[in-house]
Amino acid sequence: MKNRFLLLAFSLFLAGIGAVSAQSNKISFEEYDLDNGLHVILHQDKSTPIVTVSVMYHVGSKNENPERTGFAHFFEHLMFEGTQNIPRGEYSNFVERAGGTLNANTSNDRTYYYEILPSNQLELGLWLESERMLHAKVDSIGIQTQKKVVIEEKKQTVDSRPYGTLFQETMKRAFKVHPYRWTVIGDPDHIRAAKDEEFQQFYKEFYVPNNAALVIAGDIEIESAKELINKYFAEIPKGNKDIYRPTMVEPDLGGEVRDTIFDNIQLPLIVQAYRTPAMGTDDYYALDMLSTLLSGGQSSRLYKSLVDEQQKALEAGSFAMPFQDPSVALAYALPNMGVDCADLEAAIDVEVSKVREELISEKEFQKLRNQFENSFVKSNVKLASRAENLATNYVYFDNTNLINTELDKYMAVTREDIKRVANKYLVEDNRVVLYYLPKSQQN
Amino acid sequence: MKKSVIFILALLVAFNINAQLDRSTPPKPGPAPKVNIGKAQTFELKNGLKVFVVENDKVPVVSYTLSLDIDPIVEGEKAGYSSIAGDLMGSGTSTRSKAQIDEAVDFIGATLNTSSKGMYASSLKKHSDELLNLMTDVLYNPSFPAEELEKAQKQMLTGLKSQKDDPKAIASNIKSVLRFGKDHPYGEILTEASVEAITVDDLKSYYNTYFRPNVAYLVIVGDISVKEAKKQAKKYFAQWESKEVPTYKYEFPAGFETPKVVVANKDGSTQSTISLSYNVDLKPGHPDAIKARVMNSILGGGSFSARLFQNLREDKAFTYGAYSSLSSDELVGTFNAGANVRTSVTDSAFTEIIYEMERMRTELVEEANLQLVKNSLTGSFSRSLEDPATVARFALNIEKYNLPADYYETYLEKLNAVSTADIKAMAEKYLTPDNALILAVGDVPNMRASLKKFAKDGKVEMYDFYGNMVKAMPLPADLTAEKVINKYIKAIGGTEAIAAVDNYILEGTMNVQGMPLSMKMYSRRPNHQCVETYMQGNLVSKQVFNGEAGKVVSPMGEQKIEGEMLENMKAESVMFPETQYAELGYQLELLGADNVDGQDVVKLKVISPSGKEQTVFYSRNTGLKVKEVSTSPQGTMASTYTEYAEVNGIKFPKKMSQAVGPQSFDITFESIKVNEDIDASKFDI
């Protein structure tokens with residue numbers, strides 16, 4: 001009797017925690033378009049004398065010609081070669097001499113460039129990024145150099161790294177129609193075969209103001225920042241080509257896909273990739289929480305059950321794949337010495353069937369919500385991450401303010417939702433299963 | 001005609017572009033930005049706890065940093081106890097186990113760390129109360145469980161073991177002892193004896209003496225108002241009992257009148273870890289501090305353009321990197337310049353470091369060089385401010401070191417005002433190679449003599465890991481490597497007893513990263529060997545050599561051993577190879593006297609027929625082998641042998657400890673059997 005009362009008190013207490021407003025600290029910003037179509041987002045934060053200048057181009061590997069994969073990533077390299085006014089190899093030196101840092105990255109959906117500078121160097125950042133957008137060097141010297149670099153990069157990160165082909169092998173089986181079927185790094189043969197003109201065409205199509213978002217975040221004065229942005233970006237002509245955006249919809253997987261890859265590895269690895277809905281949909285949020293519950297980090301169910309308790313796995317985890325279009329949720333496990341892959345997979349399936357059959361406990365659910373709230377808040381602590389989140393939310397969803405409201409979507413997910421999406425998506429017919437085995441076991 | 005039109009057009013275009021925007025040169029920076037550091041509000045509780053509040057509502061997170069402002073203490077024979085006391089505060093309270101604390105922190109996604117000088121806790125604002133409950137439980141009721149102390153001691157001892165072969169650790173110990181003296185808190189070093197002497201009572205006494213509100217600062221940073229902070233501070237920290245805390249004063253350690261030149265041995269090393277260091281009287285916030293920092297950045301800061309890097313790496317290719325540091329400290333600051341260099345250029349590297357220090361003292365640096373360093377320091381200073389912990393640290397420093405309230409707000413202005421003349425003045429004041437400890441850790445016989453020129457009296461002294469001087473122990477003039485080996489053979493039982501051994505089986509246990517493993521080693525004449533490893537009673541790997549072929553069996557399958565690996569396996573499988581060194585084609589060289597863990601030893605270089613080199617240490621007293629060191633591309637491997645026990649007239653070491661890089665593990669052989677029946681199939685390939 002007494003116990004039941006305690007339990008009730010406890011769940012009331014938990015409900016109380018949940019009722020507190022999820023997030024009160026709004027991130028303010030201002031946004032507008034220049035005449036040439038460049039979308040500008042300004043976020044003032046004067047607490048630190050630094051400024052982030054970043055540009056997100058809405059071009060990723062999914063915008064590539066299937067015969068020319070790897071182009072978007074190739075451009076990320078090429079865009080450091082220089083411009084009409086910036087000598088070859090000098091692009092990053094300007095930033096470093098000013099006491100700043102810079103970098104870039106490419107995904108399936110977009111390419112992102114940024115500089116973090118002392119705030120009195122805002123103009124330098126604008127000059128650098130506008131040079132890149134206006135007249136970057138897309139010439140044969142740079143193309144030749146970067147072809148070598150990129151092909152070498154693929155060798156190092158994909159071909160000679162254990163399990164380096166994991167994304168490549170998973171995605172080409174999970175997708176038949178959608179360009180997510182190839183990976184960001186692409187096919188070196190495509191890069192090798194590409195002519196200089198093709199790169200120049202790509203630049204003209206995608207590296208245009210009407211396909212980009214410029215985010216200036218940090219210690220800025222809004223009005224003078226606007227003037228400077230105008231000074232450097234307004235004269236960049238709008239692109240006059242149609243921008244290719246893939247519209248194909250990937251049909252259902254239509255049954256489990258199962259395969260074995262023999263690789264230069266010592267330990268086997270199991271991959272389970274379930275097809276998932278696009279980012280931003282209600283199911284996406286529930287499924288994201290579900291995959292964290294199952295395989296996110298050392299307090300996840302798979303890790304606790306397979307690694308800690310049953311000791312069947314050496315390691316278990318997941319890769320987040322937050323893509324604009326429908327994608328996959330990818331979990332993996334490495335069997336312990338002497339454990340059969342099929343055995344380990346059966347143990348994984350037991351955990352997956354639990355989330356399909358049972359509601360998760362209130363306590364575990366609350367911990368999960370706490371985890372999401374924490375990581376959401378932390379993802380906006382650094383100025384640079386805030387700038388990138390603002391850019392992503394605009395470029396993917398045309399909803400910059402999602403930075404202030406996205407957590408509500410997670411907090412709206414119920415225990416029942418988690419069970420529901422488990423039953424809808426985490427089913428055999430909707431998954432690709434790969435076994436990575438050592439080459440020595442082939443034949 | 002046509003031509004001139006084009007000319008005019010071209011002019012127009014050029015003019016037009018100029019009128020709009022000159023893109024050809026990078027824009028100039030604006031005036032140095034004024035740093036807008038959140039102002040700290042302060043108040044004090046009745047028990048003396050000073051509280052700082054830095055409001056920062058960017059994200060709904062609040063952090064609590066508790067920091068003790070106490071004098072460093074001399075720990076003496078129990079060196080290491082304050083650090084363990086700090087670590088273990090979060091390992092259990094009177095009502096919570098360590099697991100319960102961890103789970104509670106995890107549930108709200110918070111962070112809670114403890115140290116000997118305070119605590120740090122951070123979480124979302126809405127979990128603040130839960131967090132403060134945990135934090136104050138740890139603060140008021142730490143239980144210091146004996147088993148947690150034991151675990152911490154074990155970890156420290158394991159760490160010590162691997163440090164003994166780490167040139168950086170050797171150098172750090174010698175610097176501490178020689179520059180500060182063993183009676184100064186900065187001169188104390190950890191030893192096996194000091195770690196083992198620590199008791200739960202030491203931890204409790206440290207906690208009871210020093211964790212007091214009257215010497216503590218509580219810095220609250222984040223999404224919280226001063227009013228809320230006051231309420232929280234009173235609710236959670238008002239009951240913390242104050243008590244007088246002892247204070248200590250220390251003499252500024254006497255430096256060196258002339259350079260002191262010291263070497264230390266790192267067997268099997270091809271590199272010297274060199275360091276030129278001395279004590280500096282530079283307190284935090286001193287008017288020189290910023291200028292001196294810029295000066296050091298030009299000399300040897302982290303950038304590619306720093307002079308030591310340019311000279312020793314880019315120009316001379318002595319090393320992968322050479323750096324200097326100049327740190328301020330309330331008691332004693334430090335200047336240090338160092339690098340890892342090839343043994344053969346040990347002395348040249350010191351010469352270049354001293355040359356660059358002198359050049360800073362005598363020549364004005366270039367304006368552009370200075371500007372570059374200022375820019376890079378401005379950038380990193382500014383970026384560091386993003387972390388609320390930096391802001392908290394600033395507030396604390398202002399209070400602790402009595403700095404002007406706007407010290408950090410005007411930091412960039414002060415930085416910007418540093419002139420080339422300032423740099424020279426700072427170099428003259430703080431770069432004093434004539435008072436330095438010149439220390440090289442590496443292959444002593446191959447570099448010691450070359451360092452004589454740096455000492456006024458030409459003396460180069462040798463020190464060990466514990467900072468004790470290694471006295472030369474002359475070896476008998478007629479000693480040879482062969483005599484050392486013969487003494488060893490006699491010590492383990494003599495040729496006859498050894499010849500009577502047909503086989504032996506060793507069974508032992510070890511602990512690898514918390515996993516208990518057991519091992520069985522079968523050896524049979526002439527050179528058959530089988531090593532089996534078990535985890536929880538299951539065979540997980542097996543390595544076999546049958547005199548000709550070798551293989552490794554693991555759950556991943558079976559692999560044949562070939563090539564160089566097979567050659568090595570062949571050599572290692574020979575039973576008592578010392579009795580057959582000459583026949584097998586080993587080469588021996590007598591290296592001299594040394595000291596291993598306080599034991600006088602003779603050192604030999606042993607080169608296998610395939611060319612593998614090893615340094616082997618034999619006790620001068622017992623004749624037994626105490627240590628072996630070999631170098632491979634994976635790093636240096638050191639094996640030590642202790643607790644020899646006799647079985648069938650042969651002495652076997654019961655304990656063996658191996659250190660590879662930062663890892664080390666101990667094997668204890670619980671069972672040693674000689675001339676038992678070994679199932680012949682053990683050696684099947």
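This is a predicted model: local features need pLDDT of at least 70, side-chain atom pairs count only at pLDDT 80 or more; totals for chains, interfaces and linings use all residues.
In an unreviewed entry, UniProt lists residues 198-377 of chain B as "domain: Peptidase M16 C-terminal". Over residues 198-377 the chain is 41% helix and 22% strand, with the end C-alpha atoms 43 Å apart. For chain A, again from an unreviewed entry, UniProt gives residues 197-371 for "domain: Peptidase M16 C-terminal". That stretch of chain A is 41% helix and 22% strand, and its end C-alpha atoms lie 49 Å apart.

The two chains touch one another. Chain B contributes 41 residues to the contact and chain A contributes 45 residues. On the side of chain B that touches chain A, at least two residues come from each of α3 (98-107), α13 (367-384) and β16 (538-545). Helix α13(B) supplies the largest share of that side, 7 residues. By residue class, the side of chain B that touches chain A consists of 19 nonpolar, 14 polar and 8 charged residues.

Strand β16(B), named above as part of the contact, also takes part in a run of paired strands. Strand β14 (residues 515-524) of chain B pairs with strand β15 (residues 528-535) of chain B in the antiparallel sense, over 8 bridges. Within this pair, Met519(B) is opposite Thr533(B) of β15(B), and the hairpin formed by β14(B) and β15(B) has 3 residues between the strands. Strand β15(B) is in turn joined to β16(B) by 7 bridges, and these two strands run antiparallel. Here Tyr534(B) has Leu539(B) in β16(B) as its bridge partner. The hairpin of β15(B) and β16(B) has 2 residues between the strands, and Gln536(B) in the turn has a positive phi of about 45°.

Ala593(B) stands opposite Val602(B) in β20(B). Between β19(B) and β20(B) there are 2 residues, and Asp597(B) in the turn has a positive phi of about 45°.

Nonpolar side chains tend to be buried together in soluble globular proteins. The largest nonpolar core of this model has 122 residues, of which Leu214(A), Leu290(A), Leu306(A), Ala333(A) and Ala391(A) touch the most other members. Neighbours within four places in sequence aside, Leu306(A) is in contact with Lys312(A), Ala313(A), Ala316(A), Ala333(A), Leu344(A), Ala347(A) and Ile348(A). A second, separate core has 64 residues, among them Ala40(B), Phe52(B), Val62(B) and Ile198(B).

Lys304(A) lies in helix α11 (residues 301-309) of chain A. A residue counts as buried with 20 or more other C-beta atoms within 10 Å of its own and as exposed with 12 or fewer. Lys304(A) is therefore partly exposed, because 14 other C-beta atoms lie within 10 Å. Not counting residues up to four places away in sequence, Lys304(A) touches Ser299(A) and Glu309(A). From Asp45(A), Lys304(A) is 259 residues away in sequence and 41 Å away in space, C-alpha to C-alpha.

Technical notes: Residues are numbered from 1 along each chain as its sequence is written. Chains are lettered from A and ligands numbered from 1 in the order in which they are written. UniProt positions are given in the numbering used here, feature names are shortened, and annotations may be inferred rather than shown by experiment. Helices (H or I, at least four residues) and strands (E, at least two) are DSSP runs, numbered from the N terminus. Two residues are in contact if their C-beta atoms, placed from the backbone, lie within 7 Å. Ala, Val, Leu, Ile, Met, Phe, Trp, Tyr, Cys and Pro count as nonpolar, Asp, Glu, Lys and Arg as charged, and the others, Gly among them, as polar. Two strands pair if DSSP finds at least two bridges between them. A nonpolar core is a set of buried Ala, Val, Leu, Ile, Met, Phe, Trp, Tyr and Cys residues joined through C-beta atoms within 7 Å.
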